[in-house]
Protein chains: 2
Amino acid sequence: MANAMETLKEACGELSDIGSAAAVLAWDQQTYMPPKAAEDRGRQLAAISTIHHERLLDPKFDALLAELSGAALAGDDRLYVDEFQWVRERARRLPSDFVRENAMTQALAFAAWEEAKKKNDFSIYAPHLEKVLSLTRKAADFYGWTDHPWDALLQDHERGMSHKELQALFAGLRQRTVALLDRIKASTVQRDFSFLDGTWPADRQWDFGMQVLKDIGYDFEAGRQDRSTHPFTINLGSRDIRITTRLREDKLLDALSSTVHELGHALYEYGMGLTDPRSPLGQAASTGMHESQSRLWEIRIGQSRPFWRAYLPELKRHFPNTALDRVDEETFYAAVNRVQPSFIRVEADEVTYNLHIILRFEIELALIGGTLSVKDLPDAWNAKMQELLGITPPDDAHGCLQDVHWSGGGFGYFPSYTLGNVFAAMLMEQIEKDIPDLWQQVEARKFGQLLDWLRTHVHSKGRRLRAPQLIRQITGKELSSEPLLRYLESKYADIYGFAAQ
Amino acid sequence: MANAMETLKEACGELSDIGSAAAVLAWDQQTYMPPKAAEDRGRQLAAISTIHHERLLDPKFDALLAELSGAALAGDDRLYVDEFQWVRERARRLPSDFVRENAMTQALAFAAWEEAKKKNDFSIYAPHLEKVLSLTRKAADFYGWTDHPWDALLQDHERGMSHKELQALFAGLRQRTVALLDRIKASTVQRDFSFLDGTWPADRQWDFGMQVLKDIGYDFEAGRQDRSTHPFTINLGSRDIRITTRLREDKLLDALSSTVHELGHALYEYGMGLTDPRSPLGQAASTGMHESQSRLWEIRIGQSRPFWRAYLPELKRHFPNTALDRVDEETFYAAVNRVQPSFIRVEADEVTYNLHIILRFEIELALIGGTLSVKDLPDAWNAKMQELLGITPPDDAHGCLQDVHWSGGGFGYFPSYTLGNVFAAMLMEQIEKDIPDLWQQVEARKFGQLLDWLRTHVHSKGRRLRAPQLIRQITGKELSSEPLLRYLESKYADIYGFAAQ
């Protein structure tokens, strides 16, 4: 048995190495690859992905898994086998003809989406989205479902959860966030944020971001930061977790918040690699749990008052003789946390962000469930924007055409963003109990104890528990949006000068 | 038949894509990879290489090649099949157990070589070199040979050639180069090269090199230059040929000559990719032919008088207010082409370089043939240095420990460096006939016609002909070191003020 287990681990390790090789290709593609290499790179990535897929489904695993299924295995080994079996079974459910058709359809849909967004013409995208939807429903059927086909898609991100649980979780969040937004809109507090106007040299933004990365504890011997069009984190091996950022000279805070966001993802990957390198267990508990790590660092730490008490002077040193000279800590803190309904999700503040997500969640359910047709999508989108945020997009480019996800069949993904905020809030309540002087530490630019806490309680667990179980193990509580709402309502009552309810 | 041919091309294209994927990993390893990733990266590269090897030996090719072997195929298709079959047969000759043992032995020998060189202690390396030699002789036996086992190793680099042909080719080169060196040593011409002392900022060296790359016609949309410890060229796909350079602030000309050298390699790869992307025919005619392209650009163009007539003013613009201000064109040209016997091959001038190679060639034959034992290597090396260059290394670090090649079983490779010079000289004689105003063009920084000539006559031929046949097709002449000697003797008679013989 020990032998079968060793053989399995060896094979899984090799699968992981092949996956990492593909990651190196993808990283290069988005950072340093010269433009004319695009076609070749597409083929190279397809070749490596196909090899990975074939090896995953290699019949040799059947005998191995059969031998291991009845065996007495130590706790972690049992989890290891179960996890591998789940991933393999999931990959096996989709016939290879279907996978090919799906890839082709999604590639065309992506091109159509790009064009439609650019030309602000939903009709270019609509027929492609129809096809993607139809194939995605088919995929749900291949995976299997009982209550709603969308639940089958959710399993790639939040295994074990269902749309019903999310509806329950989001109901209070939806209602109280809308109410909070109304109070914020009604606030009479006036602040002058004009100090943010102007041009902020990219190289100084870069240096400031690097300083923060170093302070928080990013290991530059096991990773690096580069520039890319869209910021991302990528795992190229258990000791090679890289991040990228985007530098916009008209946005002082854009690069930093994206840097700290990606740092949160990277620290999670790094921590899992310490415990479970090249193992199916060294994976995030869920997409939402991954997002909780990025949001915790980006927002809960990086947009906190103690953080900026520590870093505003540093920021001023990086940008001497600018409008920053005249800004005080409170104004700066309010600027970082400014709430304003807007059309584009990726530019949204932390209050309205969850409303953008709930909108997509509700629309996805209707699209996948067949109660909303593609042709009615723009109207449904705009109506919900009005209902949730009180604004109506001027056009579809600022509405239902803004996200790339659906063109690639990425249904079931969006809720993870809000789950990340929910998880982060629950974790933060526990962290504030376990580290009573957390905020003094942050103000002293000391992040080691917080990072250790996250390593111990979250990172080192990898995929041993589903996200809600992991949260329960850590906090002793069931999943709830209450901590997130408590935090939001108290924070913004403070900033916008009304009494918390 | 068309179908079998298409199937073969598809499979070869995929093999090429997998090889390119490995190249991306290798490029990153030597440019941007963080240090702690080294172990993972080794495993990832091993995984991809193993997959490449397995696919190459996939039994499916047996039937395919059998079907194609008797078939009537158009010229290029026949060459395509033959080339693939040769590569595959060569890979198949080595049993996989032997390949593993070889890899292990060479890895240990590499580590021992590094330590031995650092500690200047040949005895650390000797037992490892013994083992490598013994396995390399075994490999020669697996490949098969008739006259001398070394000939079997040469086939990876100069297919169809033999040590006897090289001995014949090198005999005159050896004798007349030693004689030329004697005349140079006896020269009474005095020049002041002290303007080269001092510090040359790396960023300006970089800018100057980039300017030259642009002028010569490197396509930055299908490649890029980065920094690395050892300069190299690497093919990451037919439209992605990258080069690296090394910047040493104490050496003004080091980076430029390495940049132009790698550019020559890159232009060859680029040209082959234009004609034969993802094909076994889109490979260099031989290692020596590859070297001819780098040496032609590095030395024949980049160290020519017309080149520096054009670029010395540009260099002075890049380094204003330095000792360069007081140097004239003739002195600079003489400095670039300074001849001085020295211990280290990679730092040698173009006259003594071939003597370094002939030394290694003669020693390799004796080591592989068993007429020289490893324990006698240092003495044999030093004796030959005295015989050929008139100097004796102060220690083994400056002698037989200087090169990495043999630790990895790289026997049969060294002669390619001198063959590169021989080929380049034969090509240059033809080029000067075909482009009568070549040197006026170089002086006007126009390289397009030369590049077109190389594309037409060398690059686009890929591996359709062996190197000597390709040279004969282009020049109408048999392989000879006469053109190289003619060029060297005339050039250095001019620089060192004696009559060419």
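**Group meeting: a predicted two-chain model**

Okay, let's start at B:Ile391, which sits in the loop between helix 15 (377-389) and helix 16 (415-434) of chain B; helices here are DSSP runs of H or I with at least four residues, numbered from the N terminus. This is a predicted model, so local features need pLDDT of at least 70 and side-chain atom pairs count only at pLDDT 80 or more, while totals for chains, interfaces and linings use all residues. Quick housekeeping: residues are numbered from 1 along each chain as its sequence is written, chains are lettered from A and ligands numbered from 1 in the order in which they are written, and side-chain values use heavy atoms, with hydrogens and water left out.

What does B:Ile391 contact, leaving aside its neighbours within four places in sequence? The answer is B:Pro341, B:Ser342, B:Phe343, B:Asn382, B:Met385 and B:Gln386, with contact meaning heavy atoms within 4.5 Å. For B:Pro341, 50 residues away along the chain, the C-alpha separation from B:Ile391 is 7.3 Å.

On confidence: chain A averages a pLDDT of 96, and 99% of the residues score at least 70. pLDDT is the predictor's confidence in each residue, from 0 to 100. For the complex, the predictor gives an ipTM of 0.94 and a pTM of 0.95.

Now the symmetry. Chain B goes onto chain A by a rotation of 180 degrees with 0.0 Å of shift along the axis, RMSD 0.0 Å (least squares on the C-alpha atoms of residues with pLDDT of at least 70 in both copies). So the two copies are related as by a two-fold rotation axis. And 100% of the interface residues of chain B are also interface residues in chain A, so the copies meet through the same surface.

How much do chain B and chain A bury between them? About 3,000 Å², 58% of it on carbon and sulfur atoms; that's accessible area (1.4 Å probe) lost on putting the two parts together, summed over both. In chain B, the residues losing the most area to chain A are B:Tyr32, B:Lys36 and B:Glu221, together 18% of what that side buries. By residues, 38 of chain B are in contact with 38 of chain A.

There are 10 salt bridges between chain B and chain A, meaning a side-chain nitrogen of Lys or Arg within 4 Å of a carboxyl oxygen of Asp or Glu. One of them joins A:Arg43 and B:Asp17, at 4.0 Å, N to O.

Over all chains the structure holds 94 salt bridges. Among them, A:Arg278 pairs with A:Asp17 at 2.7 Å, N to O. A:Arg278 lies in the loop between helix 10 (254-275) and helix 11 (287-301) of chain A, and A:Asp17 in helix 1 (residues 2-31) of chain A, so this pair ties together parts 261 residues apart in sequence.

Methods. Helix = DSSP H or I, 4+ residues; strand = E, 2+ residues; numbered from the N terminus.
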